[in-house]
Amino acid sequence: MTAEKLFAYSSASVGYGATTIVSDASLAVHAGEVVGLVGPNGAGKSTLLRAVTGDADLLGGTLSLAGVDSGALSALQRARLVGVVPQQVTAAFSVEAREFVTMGRHPHLARFAVPGERDREVVERAMRLTDTLHLAEKPTDELSGGDLQRLALAQALAQEPRLLLLDEPTSHLDLNHRLQVLDLVRELARDEGIGVLAVFHDLDLAARYSDRIAVVASGTVTPAEVPARAITTATVREVFGVRAVVGVDPVTGTVSVTPVLRDGAVAPVARGRVLVIGGSGCGSQLMRRLVLAGWDVTAGALNAGDADQVLAEALGVDYAHIPPFAPMDPESVRRVAALAVSADAIVVSDVPFGHGNVENLRIAVEHAESGTPVVLLGEIEGRDYTEGAAADLWARARAAGAEGAADVDAAQLLLEAANSR
Amino acid sequence: MSRTRRHGSSVVAFTALSLGLVGAMVAGVALGAVSVAPGEVLGALLRAVTGTAGGLSDTLVVGVRLPRVVMAALVGAALAGAGALYQALFRNPLADPYILGVSSGAGLGAMIAFVATAGATVLRFGAVPLAAFAGAMLTMLLVVRLASTRGRLDPTSLLLAGVALSYTLAAVTSFLMVVSREQMSAIVYWMMGGFSQASWPYIGMIAPMFVLGAILPLLSTRELNLMLLGDERAGHLGLSVERFKLLMLASASLMTAAAVAVAGLIGFVGLMVPHMARIVLGPDHRRLLPASLIAGAIVLVLADLVARTIIAPIEIPVGIVTAVLGGPFFIWLLVRGERR
Amino acid sequence: MSRNARTTCTTRSTRAARRFALVAACALALVALVGCTAPAEKPAAETPKTAAATFPVTITDDASRTVTIKAEPQRIVSLAPANTEIAFALGLGDKVVGVTTYDDYPAEVTKITKIGDFTTPNIEAIAAAKPDLILATTGVQADVLAKLEALGATVIALDPQNLAGVYSAIERTGKATGAISQAAALVDGMKVDVDAITASVEGTEPVSAFVEIAQNPLYTAGTGTLLDELITLAGGTNVVTQPSWVAYSAEQVVKDNPTVYMATKGSMSDPAQLSQRAGFKELSAVKNGRVVILDDNLVSRPGPRVVEGLKLIAAALHPELVSK
């Protein structure tokens, strides 16, 4: 990158006094770039920002701001370089909003100077950009948290900073203002070359507005990478303990994260292994429910891009992978058979069967006949697209003792009953 | 900072304050235990200017009352200024030199100097205010330290530490009085507070302390306004918070010491005057601080006037007057705070 | 403040110290109001001085208590410097087994066991001294009289408010200790000295006077105080007409313009200092060099040496007639 490096932690440790919170952090922000920090609560995202302004301690390594060691900058010099928008903005006193924003001019005013024409212009522009001009005459102690947050951004902009530090800058904003503020931050980075280091609470927003994202967890920081590489199913599960569908938003083209379940919500019991025969999203609810109930869930053959396949990836479920819209090949049949052998029970969802996936059903039926407990969800009528082959298999399964379940709840109860035998 | 709609006009307020101060001081020199006709008061002042003073009314008006009024004004301004500073620095509406224990610290310092310089009038003259300043500053730093955990200042702890320390200091003061019996009565009466010792030499002694203590804060009102945002935000906006606080605490302690060294312990002025100013003029220190200084002067000049005339020729300690005014005000403040 | 009038200067100061503690507790107003309005105590009843030195004897003390002393006391504890001075003046010094830390006269008291200070006598220390007679006072000690009696000692509270009260206190102490004749002789001697002083100033124009007890606030002795009586006896008039001990207006002093300005040693040590105070350089007493420092222990301690105090004041008011 050729843009100027405005911010750089190099092997830095930050914390409070003797307590180190993040160590060996190396992180840079260049002019015109938005770098997002994500990570679980308490991981030290805010601490990394707070150490820049001396509100937390830099305990090791270096921090340079626009090429200058941060320790060599006075508070005043730093304030001309760095604007901060804090997580919580309080104003338990009554001044006009415009005056509140004008306080941001402090680092540019000579010791006893009063704000002049240019200062007024900068303030006016900052308020216009943050959509706060209509609040200009209002006393700060009568404003909402969201208004104050935007005023704090205006105040930081009035500093004319080269680097903006945003600590969850939109936590008190409604959806419209949240997007408005972040759009503004992006524009400032693009048009005015401001470097932005922002802590994000929301992974979607982080992915959408950051050029690069660094993950803060387990006391350190991962190298900042483009959102698609920084935010994956694996990182989300590892860092947040959440199994999520991570995909590219078809509308915005940015990475989106849809949480499915929390690791912490999984029942802490070992119920055995169950093979779910699904596809076309018909197995999704079963897989999620059974994982939550403590089952070691595997799945039959699933096409890439199929809703059940996406979920299986998110849940970390082992399954046989087949290309999009392709029928099961011998390799996938062997794979499903192997999964069936190791399963304590099999559940067949109400997925429609065609020639491409009927092998899934055949394997289930064979194991039913050899004594594995099998639960069949719903009836076969209306979803047999194999000219009767699937219906025959269904009948064979019932003859072999497979039990029928009307819905997912019933299927779960039958599986648990079979497992406890 | 411009004012919000809730607050009064600067021009009106400062005109009223200036007139009020002039009025209070005129009343202060015109009224007293001995009645002097208004014409005589005016005559005495004129004769003082022309240097031809001589008679009884000249002595009363110019010799006795004028220094007393000037001293009460200085002490009132110093206490209110210190109170406004403490309230700004700690963002605590209950902070004042008395509650934070700074007055007691200044008192103890002054008393130690008082005992140590017994008989040495000239030495005492310089040592007492200096020791009062040292006592005030040390107490302030100790209170701040006691109330801080990991660099954070808890407002409740601050007041508790201040009150606890001021009791401790009062106890040490009492103990020292017991063990230095020769000086005891002089100290005790002096600690009760008041202006009956007012004189031009004393004014000359505390006026520089007051000016020194007031000038820096008056020139730092923009920074004081930043402190309204909290230490961290003030730092984000370019204020070297720790250094600024120390300078302001030193200024406030200097003003407190100036007041305590000559007038003993006078409570409530430092608390209630900045509040009244804030209610009328808002939190902008460019208005609040000068207004507090002037209003503090007015309040103590008038309180002293009441103290020396209400059952004349017997005087009551001015602390009684300020306490009678301040106590109910304090309660009102608390009740009002709860309703909010 | 009237309680102060009954006791010595140093005790007054300690009460003020306690009052200071109350100031810290914001109770100043209440205390000061009480202090300003309490009336002076009535003088003690006269007792016959010709009774024989036989026991038991019964006397009425200054706390209006009727006290019977069954046998001649051998171990006396004094809880006030004035009482100690009376006991020593009656030749009972070798029977005094306990005094307060405030005691400084006569010199022998320094060797006697200290049983605490004036305001807070230490009951355990007193018990350890095994007294059969305790010479207490009222005021601050009013609360502990009963406690002292529980020690098995006879307790007499003495608290003279004026010269007659001092005589009576001496006589009652004599009666209680079997030193009746010594008491009579002491009182007679004092009366002779007092008469001599009053005689020497007789016929002179009363000199207006002011006496300063404390500087800031300016405290003085008003009517009903021992000091006021001494000023009158010494051929003076106190410019202060308010009763008891009062904080007094400096400008009223300027207006009163006393011929002689007196100050106790505890308040002011250097007369030259007075001229530095606002407006006081115009006082005729300052202009004419008639500022006098008085020994607190002589002028306000209600014991035998009060006569010396009277002489000091007379010498201050009429230096041409009376010498120190």
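Two strands pair if DSSP finds at least two bridges between them, and the helices (H or I, at least four residues) and strands (E, at least two) named in these legends are DSSP runs numbered from the N terminus. The structure is a predicted model, in which local features need pLDDT of at least 70 and side-chain atom pairs count only at pLDDT 80 or more, whereas totals for chains, interfaces and linings use all residues. Residues are numbered from 1 along each chain as its sequence is written, while chains are lettered from A and ligands numbered from 1 in the order in which they are written.

**An open sheet of 6 strands in chain A, paired in parallel.** The strands of this sheet follow one another in the order S15-S14-S13-S16-S17-S18 of chain A. Strand S15 (318-322) and strand S18 (403-405) of chain A stand at the edges with a single partner strand each, so one side of each has no neighbour in the sheet.

**Strand S8 (residues 195-199) of chain A, with its residues buried.** A residue is called buried if 20 or more other C-beta atoms, placed from the backbone, lie within 10 Å of its own, exposed if there are 12 or fewer, and partly exposed in between. By this rule, 5 of the 5 residues of S8(A) are buried, and the cover extends to both faces of the strand, with A:Gly195, A:Leu197 and A:Val199 on one side and A:Val196 and A:Ala198 on the other. Strand S3 (residues 34-38) of chain A runs parallel to S8(A) and is joined to it by 4 bridges, with A:Val34 opposite A:Val196. Strand S7 (residues 163-167) of chain A also pairs with S8(A) in the parallel sense, over 5 bridges, and here A:Leu164 stands opposite A:Val196.

**A:Thr235 in helix H9 (residues 233-240) of chain A.** A:Thr235 is buried, since 20 other C-beta atoms lie within 10 Å. When residues up to four places away in sequence are left out, A:Thr235 touches A:Val215 and A:Ala230 (two residues are in contact if their C-beta atoms, placed from the backbone, lie within 7 Å). The C-alpha atoms of A:Thr235 and A:Gly39 are separated by 9.9 Å, although these residues are 196 residues apart along the chain.

**The side of chain A that touches chain B.** In this interface, 23 residues of chain A are in contact with 23 residues of chain B. Helix H2 (residues 75-81) of chain A gives the most to the side that touches chain B, with 3 residues. The residues on that side of chain A divide into 12 nonpolar, 8 polar and 3 charged (Ala, Val, Leu, Ile, Met, Phe, Trp, Tyr, Cys and Pro count as nonpolar, Asp, Glu, Lys and Arg as charged, and the others, Gly among them, as polar). Chain A and chain C, by contrast, do not touch, and their nearest C-alpha atoms are 30 Å apart; of the 2 pairs of chains in contact, chains B and C share the most contacts.

**Helix H3 (residues 56-90) and helix H12 (residues 269-281) of chain B packed together.** The two helices pack at an angle of about 70°, with their axes 7 Å apart. That makes H3(B) roughly perpendicular to H12(B) (65 to 115 degrees, whereas angles under 35 count as roughly parallel, over 145 as roughly antiparallel and the rest as oblique). H3(B) contributes B:Gly76, B:Leu79, B:Ala80, B:Ala82, B:Gly83, B:Ala84 and B:Gln87 to the contact, and H12(B) contributes B:Val269, B:Gly270, B:Leu271, B:Val273 and B:Pro274. The residues of this contact divide into 8 nonpolar, 4 polar and no charged.

Notes
Axes are lines fitted to C-alpha atoms, for helices over the stretch in contact, and angles run from 0 to 180 degrees between N-to-C directions.
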